[in-house]
Amino acid sequence: MASPMEFWGVEIKAGEPLTVEPEPNTIIHLSQAVLGETKSKGNEHVILSVKVGDKKYVLGNLSLDKFPQLSFDLVFEKEVELSHNWKNGSVYLSGYQTAVGEYPLLFHLV
């Protein structure tokens, strides 16, 4: 089991979707996505996506010149597939992994 809170990070390479799964009894909190280094220039738009089960969702749209990084507050408790459409480099994701009971309750629905 993960310690109460530990750094979590991955690289999603060009053309290679990445499947990630939290360790048993943990969650992954996704905090940030950033474009990796590249020699290309311009205003390419990079679409970052997550596939949960058979449904695919867009997490954000990155661009080298305007938005090379995005902040998130997303929590994954089961396996997901992360991908992007950028052919010229990698996208890096970071956040932390924590035990299920350690995640702070942000709100409660009655």
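1. Start with Gly-9: its bridge partner in E8 is Ser-94. Strand E1 (residues 6-12) and E8 run antiparallel, with 7 bridges joining them; two strands pair if DSSP finds at least two bridges between them. Strands (E, at least two residues) are DSSP runs, numbered from the N terminus.

2. E8 also runs antiparallel to E3, through 9 bridges. Here Ile-27 has Thr-98 as its bridge partner in E8. Of the 9 residues of E8 (residues 91-99), 7 are buried, so the strand is largely enclosed by the rest of the structure. Buried means under 20% relative accessible area, exposed over 50%, and partly exposed in between (1.4 Å probe, protein chains only).

3. A caveat: this is a predicted model, where local features need pLDDT of at least 70 and side-chain atom pairs count only at pLDDT 80 or more, while totals for chains, interfaces and linings use all residues. Residues are numbered from 1 along each chain as its sequence is written, and side-chain values use heavy atoms, with hydrogens and water left out.

4. Have a look at His-29, in strand E3 (residues 26-35). His-29 counts as buried because its relative accessibility is 7%. Phe-72 is 43 residues away in sequence, yet the C-alpha atoms of His-29 and Phe-72 are 8.8 Å apart.

5. Val-58, in strand E5 (residues 55-63), counts as exposed because its relative accessibility is 61%. Beyond its neighbours within four places in sequence, Val-58 is in contact (heavy atoms within 4.5 Å) with Ile-47, Leu-48 and Ser-49.

Note on methods. Helices (H or I, at least four residues) and strands (E, at least two) are DSSP runs, numbered from the N terminus.
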